[in-house]
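Biologist: I am new to this structure and would like to know what stands behind the terms used for it. Please take me through them one at a time.

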Amino acid sequence: MARYAMAIDLSSCVGCAACAVACKLENEVPPGASRLWIRLEESGTFPDLAMQYRPEQCMQCADPPCVGVCPTGASHVNDDGIVLVDAETCIACGACIAACPYGARYFDERGFVGKCTFCEHRLAEGRVPACVETCPTLCRSFGDLDDANSDVSRAIRAAHRVEVLKPEQGTHPKLVYLDAPARFGLTREGVLR
Amino acid sequence: MKRRSFLKLSAASVGALMVTSEAQAIKLPNPLARVPKAWYDGDVSTVLTYCENCFWKCGVRASVADGRVWKVDGYEQNPKSRGRLCPRGQGAVAQTYDPDRLKRPLIRMEGTERGDGKYREATWDEALSVIASGMLGIKERYGSESMAFFAHGSGDTWFGDYLPAAWATPNVGKPSVSLCTGPRETAAQWTFGRGIGGHEPIDWENTDYIVLVGHHIGEDTHNTQLQDFSLARKRGAKLVVVDPRFSVAASKADRWLPIKPGTDTALLLAWLNVLITEELYDRAYVERYTVGIDKLTEHVQRYTPQWAAGVTDLDADVIRAVARELAAHAPRAVLPPGRHTVWYGNDTQRMRALYLVNALLGNYGVEGGFYFAQPPYIEKYPHAAFPLEPASGGCSGASGGETIDTGFRPAVDHGMFFAKTTAVQELIPAMITGEPYRIAGLIAYGVNLFHSIPDVARTKEALKKLDLYVAIDVLPMDHVMWADVILPEATYLERYDDLVEIAHKTPFIELRQPAVEPLWDTKPGWWIARELGMRLGLETFFDWPDIETYLDKRLSSIGSSLAKAKEVGTLVQRGRPYLADWEQRNVDPFGTPSGKIELYSQAFADAGFDPMPAYEPPEEGPAGSYRLLYGRSPVHTFAKTQNNWVLMEMHGENAVWIHTAEAAALGLASGDYVWLENQDGVRDGPIAVFATERLRRDCVYMVHGFGHRAPDMKVANGRGASDTALMSRYRRDPISGGAGLHVNFVKLVPGAPRPRLPRLSKLAERSV
């Protein structure tokens, strides 16, 4: 039993997409689909400028809207708090895709819905998700929120700002963003502290 | 489908990186489909090797199941990757399974011209025999020196060093020198007495103040460097970025100095001025380790911050402030040299100016500055002595008018430059004019001739004049389909190569070993070089029957073996990073003529060059045109990776960046397609416009490497535009031989059609 979470330090991310490529190959995500993508935001006028890259993926919500809408129970939360899809029981009806406020799920043409799994298969071997392991800027931290010494707990404690995407949705994401440049204020949510 | 529409929108504003718009293409689900077994649920074995998707050479763990490589990850014990990989490293596996790969040797059809692209398949024996007979004919007619070799990548040990030296030609060019690092290497050699080398020896972990001058960290994802940069910033190191463009690095900076293109030397000279006139430099260090401070003091008097402000379009107070901040943090303050330093044709002097600022901060060989990168110890294979020393090795070092009687004619650019390595672009005229003697044959290994060497029309003319043109490559690149004989190389995951020796704080040796067998009828570079050598009568130099024997022999010189190296992948040794380590041994680390850091270069003065860097204004372009600047995408390596579907999903075409106001004046908006036309009427495109506030109004910017015109590279072909195609001019750096490439100007010509191209996801489904 763990409460796995991820934190992404946006002051370090350079948007290189190593995470996105690693995810794609690790999880055999089909051409045209993605579990992890990167958004670029720019503001200001020359020479008073700011920008940030923000990797986005499944927010691994503590209150995931995608789970309750699943008619077969394929979309579920495992014992470690990871939101998963059981491909064998998924009928690819698309209800979860419609319910997800983050656009984090896709149809896999092999007949099921795909999404980020926090690389559950790696966790079993004591490894971190592929996106975390490879990041050349070390901007991603991962671990158990219930363990104060986990990488993610430490990173969140050390951060100046901790924010989540779309807090108004009440999803309580377990993917949080740290230290975004002030001009791109996401909305603060303190639940993870 | 909100995300999809967002992605569509941003696809119009390309330039920056994104996951492509096709990401959420909906297909009807098939409830009857079986859920596939994941590769990692099978029997997975791990092979330790190093990556070839750029030149950085990161140690990787390749995961193999069912005879296929599924994934590569960084190798924790390797000092280059430290367990992490950049996007190119992660995505390299897609190249191995690219259906567009060259699959077997090809010979140009009789009766066709170079460039017609018509080929027939051949056996290796036939292809190699044709090449050997062509080379022997050239040797008989013109001498062995009339064969040239261009090489890039790890296999350049075979086609840049081993085979050319055994064959006896000094005409070996590497684009990585005179089209990239040449000026910084030559300047370092003649300032510090040692080059920079492949891995910039910056002591990132101890530095507190970093100034990047046109150095695009984050967009050029040199893995270790990006890790170090990120860690230094997390540690609280201050960052200043000098760049006409608001680069990714600039977006992380404490200060961004949006300098006027071509005026960097003025800024550096002003920093020298402040450090000297305000007596902020490290007096003890300068007295002990340098020569020429008196002359430099006098020289920089005129380069005041006020003067530089007028030249650079920067604020004099900011210029002064940065110099003072540098001094306040010295010696833990550093100006790392960028990699691609061929800009304006006076680049050795600009790099000298950058090094002199470092020297005055007293940071060379000191914690937080530059460390001394030592190569690891290992012996060469004890082959018979080559008739010529390998000509391409080493970027710098003396190559003035000195004549060593080897019995062979010197390289065609001999005596022209202060750099040891032949300037690759200077070999092209000899193919056309026959001066000083004819280059009649060329083997191009891993070098995209049309996407690296400026003046593509001249290159094509030269290729047409050759008696023999051979291309060795993995993909049917633009220039490959001009060759008389095409040899398909195996990808890095399928082959051995020579050991690489990395000069580093902790010097190390890396092994390349195959994870899987080569697909189709492709062969490793070592095999191709050896088989060719055997047909050229060079058996004495290839007395090793196979690569395993060769590698095992070399490794035995350090008490290791191939078997052991295969287990550990990387062999790390101890280095001597700091001045103290050298002084303990009483060894002078500076290999300059004076044995000290040369603020004043007598050798340059003797050769008629400025002994200290002086400012020279850049040439301006025609009215209504913009200076063409270019850079890197984090997911691509030059023009090598645009057929990789995974990487292309991340960044599938380049765009031309232009300031918002300039775009508006031209009636252009982001997402419009234009042609780019340069000062000589050369046109390329179509290319999408990216109107942005993120650069100055006097320049445009595009990512290098796109715009392939290679119909057999189905993914790359026709996506984006080529900056190289627009470089019909270059300005030669008379000291290093570097080809300054920031000297071209373009206009945006509206009305270009949006290219109609096959969907990436469709092309990706062809993977083998």
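Biologist: What makes strand E20 (residues 626-631) of chain B count as largely enclosed by the rest of the structure?

Modeller: A residue is buried if 20 or more other C-beta atoms lie within 10 Å of its own, exposed if 12 or fewer, and partly exposed in between, with C-beta atoms placed from the backbone. In E20 of chain B, 6 of the 6 residues are buried, so the strand is largely enclosed. A strand here is a DSSP run of E with at least two residues, a helix is a run of H or I with at least four, and both are numbered from the N terminus. This is a predicted model, in which local features need pLDDT of at least 70, side-chain atom pairs count only at pLDDT 80 or more, and totals for chains, interfaces and linings use all residues. Residues are numbered from 1 along each chain as its sequence is written, while chains are lettered from A and ligands numbered from 1 in the order in which they are written.

Biologist: Which strands pair with E20(B), and how do you know that they do?

Modeller: Two strands pair if DSSP finds at least two bridges between them. E20(B) has 2 bridges to strand E27 (residues 745-750) of chain B, running antiparallel, and 5 bridges to strand E24 (residues 699-703) of chain B, in the parallel sense. Opposite Arg627(B) is Phe745(B) in E27(B), and opposite Leu629(B) is Tyr701(B) in E24(B).

Biologist: Why are E10 and E12 of chain B said to stand at the edges?

Modeller: Their sheet is open and has 4 strands in the order E10-E9-E8-E12 (chain B), with parallel pairing. Strand E10 (255-257) and strand E12 (333-334) of chain B each have a single partner strand, so one side of each is left without a neighbour in the sheet. For E10(B), strand E9 (residues 238-242) of chain B pairs with it in the parallel sense over 3 bridges. In that pairing, Val240(B) has Arg255(B) as its bridge partner.

Biologist: Where is the cis bond at Pro331(B)?

Modeller: The peptide bond from Ala330(B) to Pro331(B) is cis, with omega near 0°. Pro331(B) lies in the loop between helix H13 (316-329) and E12 of chain B. Another cis peptide bond runs from Glu435(B) to Pro436(B), with omega near -10°. The loop that holds Pro436(B) is between helix H15 (427-433) and strand E13 (441-445) of chain B.

Biologist: Why is chain A said to agree with a compact globule?

Modeller: The radius of gyration is taken over C-alpha atoms, and the globule rule is 2.2 Å times the number of residues to the power 0.38. For 193 residues the rule gives a value near 16 Å, and chain A has 16 Å, which agrees. Chain A has 6 helices and 11 strands, and buried residues make up 52% of its 193 residues.

Biologist: Why is Glu28(A) called partly exposed?

Modeller: Glu28(A) has 15 C-beta neighbours inside 10 Å, so it falls in the partly exposed class. This residue is in the loop between H1 and E2 of chain A, and its phi is near 45°, a positive value in a residue other than glycine. His172(A) is partly exposed too, because 16 other C-beta atoms lie within 10 Å. His172(A) also has a positive phi, of about 50°, although it is not a glycine.

Biologist: How do you know that chains A and B touch, and what kinds of residue does chain A bring?

Modeller: Two residues are in contact if their C-beta atoms, placed from the backbone, lie within 7 Å. By that rule, 46 residues of chain A are in contact with 62 residues of chain B. The largest share of the chain A side, 7 residues, comes from H1(A). That side divides into 27 nonpolar, 11 polar and 8 charged residues. Ala, Val, Leu, Ile, Met, Phe, Trp, Tyr, Cys and Pro count as nonpolar, Asp, Glu, Lys and Arg as charged, and the others, Gly among them, as polar.

Biologist: Which part of chain B has pLDDT under 50?

Modeller: pLDDT is the predictor's confidence in each residue, from 0 to 100. The value stays under 50 over residues 1-31 of chain B. Where pLDDT is low, the predicted coordinates should not be read in detail. The mean pLDDT of chain B is 93, and 94% of its residues reach 70 or more.
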